[in-house]
Amino acid sequence: MTLLTVDKLSVDFGRGATALHAVRDLSFCVAEGETLCIVGESGCGKSMTSLAIMDLLPRIARRSVAGMTMGETDLTRPGGIRAVRGNQMAMIFQEPMTALNPAFPIGDQMTEAYIHHSGATPAAARARAIEMLNEVGIASPEKRLGQYPHQLSGGLRQRVMIAMALMTSPKLLIADEPTTALDVTIQAQILRLLRDLQKRLGIAIIFITHDLGLVSRIADRVVVMYAGTRVEEGNVAEIFDNPRHPYTRALIDCIPQPGKTERGAMLGTIPGVVPAMIGDVRGCAFRTRCALATAGCEGVIPTHGTGSHQWVCLHETTLQEGTT
Amino acid sequence: MLIYLSKRLGLSVLVALFASILAFSLLRLQGNAASALAGEGARPEDIALIIQTYGLDRPLVVQYLSWLGDVLQGDFGTSYFFRSPVADLILAKVGNTVILALASLSIALCLAIPLGVLAAVYSGTWIDRICVLISLMGQALPSFFLALCLIMVFAIKLRWLPASGDASWRHFVLPALTLGYYITPPFMRLVRAGMIDALGNDYVRTARAKGLPGYRVVTKHALRNALVPVVGLVAVQLGLLIGGSVVIESIFALDGLGYLAYQSIGYRDFPVLQAVVLLLAVVYVVLVLLADLVNAWIDPRLRVS
């Protein structure tokens, strides 16, 4: 069952020839209970995509979308997003250090939205908060409720954020780089926690990351984004075992693989940075960094593939023959 | 907390003491009280007599210590000019000034906080510009001019409110409005800047992501954090206001501390001036301490363990 459908989402800053296109005609859907990973380098529009879904874009950004629905709810209507946001659809962020309000105890921050959405009594909301803190593995939750964010470590704060997001039993959790700001051991814990929670509660997750190594550990399906647009999409096996877009391939080459990568060997890098998509954009955005680029890459780029695995590249055959 | 409080209190006493020393010595540098008391054309013998009566010929340190000793026993001396105990003089006037100060501060906050919040939420739009304009006018209009305009309209034309005196609460409306509007701009600017800053924070995005309605995000999550610097300014402004506003008190014939101090300077009435300065120093120190406590309540990160 499809839970979330996003059809031709674009996010622009400014207008006309100087407009910056942060997200361009991005379409994807999320099924109930699955994890969709959106992968790409910094600046490729991942976070803008997640904020656009939640209608949390900065005021200067312009969103246009052909259609966006969650279940029966039309998210393009103000009433639609208001009914769903923070209720059926929750979000956690990259920076747990700043995402909680320093001025209020975490119990207050956890319960306020729950009370708003469900009309529960403060006592019931408190009980729910304790239950959720237990759920995310926080010891002595009663004590934590009275504490302020600055009294908690980064890992604990991210757990609190997750618990807070789960208060209303959402069907979809958008996690925007939730482990990036944490150190490695905590990262692994948070990742395991998210996976456990998903199994137990059956929530769908949109996991946004630049780290392809994480993707292989949690994703069901993957959307690879480059310069604001989708370049490849497939389930996790298709992406890792048979990457078709040169960008996906380059990203995978950047991950060290035990047993495969030789000791002392150089890891892959992609030279250059994601170009800013300004003004009238045409052709494949990756052509400036792509080893396979030809003159044809400035024209219309076809989408290949059928079913779950799709990619957007001029060179269908070159990659099938295998260049690496 | 107790240790912190007692440290702060100790520091406060020191500051008040220092202020009184400064006031004492500066006043005596300013001129001779005896000749002012004796009046123009006084004979040298009269002046000498006055100097002896008031002990003005003693060394400064001795004069100061004897004054301080009296103050600590609750005796602020007798006014040279009014010939009545300083404590009575001040007590008679301080009420008016405090009422005026609190009323105008309340008016200023009631104007500045909504205007600042609106300007920040709609920053860069015409709503922002109108809010900034309203507050800027308060700064650009001289307070005496606004006072005269208000008197013209509300006291003379409409006859709704009295133009001068301090007999009832109605006498305080116009001066409080004038003074309140006059001190609004700095508060408004601070609220606006603080709110723009707070609204850009991650926790505001989190609050929105939780699906809280917009007004709750603004008035709860952002405003609370934007108010920290405002509290500090409240302390400073309230201190200034309790020092009295000579202009406003004169225009509205509100017999307050500001006018008393003004008169005392003219008459070189040292005991009154010293007491006023000491009172203001103490008020300031107490207000700043209170502001710190309020801020610790607003922002738990400022609480010292």
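User: How far apart do the C-alpha centres of domain 1 of chain A and domain 2 of chain A lie?

Analyst: In this predicted model, the two C-alpha centres lie 30 Å apart. Residues are numbered from 1 along each chain as written, and chains are lettered from A, ligands numbered from 1, in the order of writing. Local features need pLDDT of at least 70 and side-chain atom pairs count only at pLDDT 80 or more, whereas totals for chains, interfaces and linings use all residues.

User: What makes these stretches of chain A domains?

Analyst: Domain bounds come from an automatic or database domain assignment, and chain A is divided into domain 1 (2-88 + 169-321) and domain 2 (102-167).

User: What makes residues of domain 1 and domain 2 of chain A part of the contact?

Analyst: Two residues are in contact if their C-beta atoms, placed from the backbone, lie within 7 Å; the contact takes 13 residues from domain 1 of chain A and 10 from domain 2 of chain A.

User: Which helix gives the most to the domain 1 side?

Analyst: Helix α8 (residues 184-201) of chain A does, with 5 residues; helices (H or I, at least four residues) and strands (E, at least two) are DSSP runs, numbered from the N terminus.

User: How do you know how confident the predictor is in chain B?

Analyst: On pLDDT, the predictor's confidence in each residue from 0 to 100, chain B has a mean of 85, and 97% of its residues reach 70 or more. Within chain B, confidence is lowest in helix α2 (residues 33-38) of chain B, at a mean of 70, and highest in α9(B), at 92.
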